Number of protein chains: 2
Amino acid sequence: MQFSNRAEKIKTSALRELLRNADRPDIISFAGAFPSPKAFPVDIIKEITIDALDKNAANVLQYGSTEGYPPLREVIAEYSSSKGLNTQKENVIVVSGAQQGLELVAKTFLDPGDTVILGAPTYPGGIMAFKLFEPRFEAIPVKENGIKVDLLEDRLKRMKSTPPTKFMYVVPNFQNPSGATIPTRNRKMLYDLVCEYDLLILEDDPYAELRYEGKSLKPIKALDTEDRVIYLKTFSKTLAPGLRAGWMEAPEDLIEKFAIMKQGTDLFANLLGQHIAYGFMKGKFIEPQIRKIIPLYKDKRNRMLEALDGSFPAEVKWTKPEGGLFTWVTLPSHMDTTELLGECMEQKVAYVPGSAFYVDGGGLTTMRLSFGYVSDKQIEEGVRRLSTVIMKSSQTK
Amino acid sequence: MQFSNRAEKIKTSALRELLRNADRPDIISFAGAFPSPKAFPVDIIKEITIDALDKNAANVLQYGSTEGYPPLREVIAEYSSSKGLNTQKENVIVVSGAQQGLELVAKTFLDPGDTVILGAPTYPGGIMAFKLFEPRFEAIPVKENGIKVDLLEDRLKRMKSTPPTKFMYVVPNFQNPSGATIPTRNRKMLYDLVCEYDLLILEDDPYAELRYEGKSLKPIKALDTEDRVIYLKTFSKTLAPGLRAGWMEAPEDLIEKFAIMKQGTDLFANLLGQHIAYGFMKGKFIEPQIRKIIPLYKDKRNRMLEALDGSFPAEVKWTKPEGGLFTWVTLPSHMDTTELLGECMEQKVAYVPGSAFYVDGGGLTTMRLSFGYVSDKQIEEGVRRLSTVIMKSSQTK
């Protein structure tokens, strides 16, 4: 039995093993990027599901179109147009969760050795999807304004044109894991750079709707006069991840190419999830749902930041995101969050060590804390436990 | 914008264009491999869905395990064990439809240039999935007993060992498109050959349950003393394709590798589909459901064979499958079913030309007729229309 090169290279990570027990009920987990079950609009989902099965079972249960359920593509186009994008139904393909969008883009563009530009840190699901197609990575530091544009420009100047650089991966709002949002001015500079260097941007925007303060920013896609932006969205954060429903927006000819690649991949996205997403948007439930979950998560973020303020030693730093589900913690330079995790798991608190978000082994002193899933009490108690381990470790060094 | 090699090579087929209108209501389509909507157990699905959302919404709507919903893996293992396999929960991974299983196997094993052995004809979804990973194909003729074992053995003797041959793809029961079933004796010979030549078998078995006469045969997997068989199953034919729920059975270490590959691909399969499949198996609805749909499809098959007997000229041949959803028609050698399709579409009847099922341009005189989706009247009228076109074409040559 001889695996492919890609399968040989992708191993179970030690981290996965370490975090295997993080979902045990006695452990307070800031690790998983789970939404709160309180945010799930169960009754509306139930109502829509019953209605779809009553009126439309022959469609819901049958084989579906690879591009997606046509009425869903239509309402998605309307939704995006209302957010300042110029989206027609033909610019939309429904995917089996945004993760599949990442994989389809990689599959469509990457040969082994091609370059992908991404942030350091960045979303590990992106790293996983891209790695399946054996690229090399150029990792650009991410700070409070997202990817450092000046460093990116330097790097682009020095990069060779063969093997080619195919795309840059960015999470524009409340990035997973750093919580950073790219300001409008930097969005423009990033777009100008990809035009100058003839690249594409894969703009992965799951958190835009979860903004707790400040003004919503238009996606980079809104600047896209040269058809260089693939815009990736999901229903996982606004509706429910279990449905596996997301979408991509791109020029029509690229959507057709994605559809051909998706056909061999899984034929089409499950139709119950698509019908639920459709019923949700068509019935105008989406805006009230977003208005309902914002205070829920805003409160959790506030409690998290207050707990950190109250418990963590002064030499520890963390980000204060305007939205999303994460804060990014940086410990003093002599500390290693991967090493600390074992002790934290013994103290029954979990997080994801920063190294998981780097392709180049960086981030040793950092950790991501997710606050979406945990209860108020757990936030307080979990941060207290973390703090105890950090202070103990700080003293022994 | 520069695509990957795989994306460059995979084009929209002329066939896809030709069949684009096959789902128009005025066209009688024997083209799609759709199950009958009458076969969908809508009421049970509705009941299970409501129950899952009432009692288990926090699980159904949340992120799920990449290997699949654990209780579903458990009941699948029980189901397969009852069919003569030695399956534990750890040998099962749930996939987003069997199509994803094909893709995951290809992704896990194929580097560009590696060899895949498959039938001629074979299921085009397999061809599509494998092509994404740029293999070369060795196509072995399929006759009434499936892949010709003697020809396979000859070919194996002559094949070089580099680049390596990774697996053989077979559909053991009522193959799509030929309707052929591999007899027990040939299953044993195929298995002995893959052992001798150190290969794997990807055994894709969506139709086993749809047997209308004769004795059920154990899958090749039941012979698998050397851990060489990956067994692929789907709920699409017994339950509903819209759910996108299927599974693979393999040795535990291979299941773990598939899970790593699936994680980057789409994280996990949608949970409503998984909970419905679970409720269906746990509630013992699966055997009654199979008993219900067998007479439905058997009757359609009988009507199809009778209509062909009554209308088609003597020089046309077709298979008489003991199960499944297809009959495979061979026209006289001067006729080309791709050429005929245009005229047939004008006469408002559609089928899939045989060439779609070959990797090497064969099958020009053949066509696949699906009888699962069409009504009794449509079978009669569709075959009459086909017959008229064939006879007219026969006279003009």
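This is a predicted model: local features need pLDDT of at least 70, side-chain atom pairs count only at pLDDT 80 or more; totals for chains, interfaces and linings use all residues.
Chain A is superposed on chain B by a rotation of 180° with 0.0 Å of shift along the axis, at an RMSD of 0.0 Å. The two copies are therefore related as by a two-fold rotation axis. Of the interface residues of chain A, 100% are also interface residues in chain B, so the copies meet through the same surface.

Within chain A, a helix pair can be described in some detail. In general, two packed helices are described by the angle between their axes and by the distance between those axes. For helix α7 (residues 149-158) and helix α8 (residues 184-196) of chain A, the axes come within 10 Å and cross at roughly 10°. Because angles under 35 degrees count as roughly parallel, α7(A) is classed as roughly parallel to α8(A). On the α7(A) side the residues that meet the partner helix are A:Val149, A:Leu152, A:Glu153 and A:Leu156, and on the α8(A) side they are A:Asn186, A:Met189, A:Leu190 and A:Leu193. By class, the residues of this contact between α7(A) and α8(A) divide into six nonpolar, one polar and one charged.

Another part of chain A is seen from A:Ala52, which belongs to helix α3 (residues 42-60). At 10% relative accessibility, A:Ala52 counts as buried. The C-alpha atoms of A:Ala52 and A:Leu272 are separated by 8.1 Å, although these residues lie 220 residues apart along the chain. Leaving aside neighbours within four places in sequence, A:Ala52 is in contact with A:Ala57, A:Val60 and A:His275.

| Residue or bond | Backbone feature | Value |
|---|---|---|
| B:Ala120 to B:Pro121 | cis peptide bond | omega about 10° |
| B:Thr162 to B:Pro163 | cis peptide bond | omega near -10° |
| A:Glu134 | positive phi, not glycine | phi near 55° |

Of the two prolines in the table, B:Pro121 lies in the loop between β3 (115-120) and α6 (124-131) of chain B, while B:Pro163 lies in the loop between α7 (149-158) and β6 (165-170) of chain B. The residue A:Glu134 is placed in the loop between α6 (124-131) and β4 (136-143) of chain A, and at 13% relative accessibility A:Glu134 counts as buried. B:Asp227, by contrast, counts as partly exposed at 45% relative accessibility, and B:Asp227 is found in the loop between β7 (200-204) and β8 (229-234) of chain B.

Technical notes: Residues are numbered from 1 along each chain as its sequence is written. Chains are lettered from A and ligands numbered from 1 in the order in which they are written. Side-chain values use heavy atoms; hydrogens and water are left out. Axes are lines fitted to C-alpha atoms, for helices over the stretch in contact, and angles run from 0 to 180 degrees between N-to-C directions. Helices (H or I, at least four residues) and strands (E, at least two) are DSSP runs, numbered from the N terminus. Angles under 35 degrees count as roughly parallel, over 145 as roughly antiparallel, 65 to 115 as roughly perpendicular and the rest as oblique. Contact means heavy atoms within 4.5 Å. Ala, Val, Leu, Ile, Met, Phe, Trp, Tyr, Cys and Pro count as nonpolar, Asp, Glu, Lys and Arg as charged, and the others, Gly among them, as polar. Copies are superposed by least squares on the C-alpha atoms of residues with pLDDT of at least 70 in both. Buried means under 20% relative accessible area, exposed over 50%, partly exposed in between (1.4 Å probe, protein chains only).
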